[in-house]
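Good morning, and thank you for making time for this item. Please look at the sequence and the structure as I bring them up.

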Amino acid sequence: MSVRILVIEDEPGIADFLVRGLAEEGYAVTHVADGNHAWLRLQSETWDLVILDWWLPGEDGLQILKRFRQKNRTTPVLFLTARDGISERVTGLDAGADDYLTKPFAFEELLARVRTLLRRQGQSESLHLEYQDIRIDLGQQRATRAEMPLDLTAKELSLLTMFVRHPGRVLSRTRIYETVWDENFDGMSNTLEVHVKDLRRKLEKNGPRVIQTRRGQGYILEMSQ
């Protein structure tokens, strides 16, 4: 079962960025955009992690956090805010936040903090993806095939993760490029082909080909016929 993360954020751009990015990492993400709905979801459901914005329509994040802790709820909370003063950081942490990240932030840093908070909760063991004899540990950012470690770059691991999340489905070059590189595919670059070639080479040291080319369509993760 995927780790469940509740994102409480009212800025559409940041919320979309967080939801898409965390979902691509294998988390089950739910988003709410105001304090009142956030409180309802916090009271009625169980979460593995909460990402909470300070400024929200309705009840603000700080008040929600205080009420949440008064209910003896121990779910880790990562506080997001544009307020970067020391006194405000202290206020957020004293209210019950487990960590504090100021906007703007790099997604990689947020992801590292998420992993750290989940490790404290003992959730990292559930962050695994598998296809045949390929296994990916998202918490540790490592992959194996036939129990042999794969020496992958960050992009190769992201590429493999995308394939393993969609076995048996043809993935277009445009979709892969936009997901893994977060850029529009211009139709000219051979970056994807180079990475697929390198990833295949590393995977095929310990087993048959699993990333197949569908000419004119893209790539698919499936065993050779």
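Predicted model: local features only at pLDDT ≥ 70, side-chain atom pairs only at ≥ 80, totals over all residues.

Residues are numbered from 1 along each chain as its sequence is written, and side-chain values use heavy atoms, with hydrogens and water left out.

The protein chain contains 8 helices and 11 strands; these are DSSP runs numbered from the N terminus, helices being H or I of at least four residues and strands E of at least two. Along the principal axes, its C-alpha atoms fill a box of roughly 60 × 35 × 30 Å. Of the 225 residues, 47% count as buried, meaning under 20% relative accessible area with a 1.4 Å probe, protein chains only. The chain exposes about 11600 Å², of which carbon and sulfur atoms supply 47%; these areas come from the Shrake-Rupley method with a 1.4 Å probe.

A contact means heavy atoms within 4.5 Å. Among contacts in the protein chain with a separation of 6 or more, 56% are accounted for by residues 24 or more positions apart.

Let us now consider two helices. How do the axes of α6 and α8 cross? Helix α6, residues 154–165, and helix α8, residues 191–203, have axes that come within 10 Å and cross at roughly 80°. Therefore α6 is roughly perpendicular to α8, a term that covers angles of 65 to 115 degrees. The axes are lines fitted to C-alpha atoms over the stretch in contact, with angles running from 0 to 180 degrees between N-to-C directions. On the α6 side, the contact is made by K155, E156, L159 and L160. On the α8 side, the residues are L192, H195, V196, D198, L199, K202 and L203.

Helix α6 also holds T161. Is T161 buried or exposed? T161 is buried, at a relative accessible area of 5%. Not counting residues up to four places away in sequence, T161 touches E24, L129, I136 and L138.

The second residue is L56, in the loop between β3 (49–53) and α3 (61–70). L56 is also buried, and its relative accessible area is 9%. Leaving aside neighbours within four places in sequence, L56 is in contact with I8, E9, D10, A33, G35, G61 and I64. The C-alpha atoms of L56 and R83, 27 residues apart along the chain, are separated by 14 Å.

Definitions and conventions:
Buried < 20%, exposed > 50% of the residue type's maximum accessible area, 1.4 Å probe, protein only. Parallel < 35°, antiparallel > 145°, perpendicular 65-115°, else oblique.
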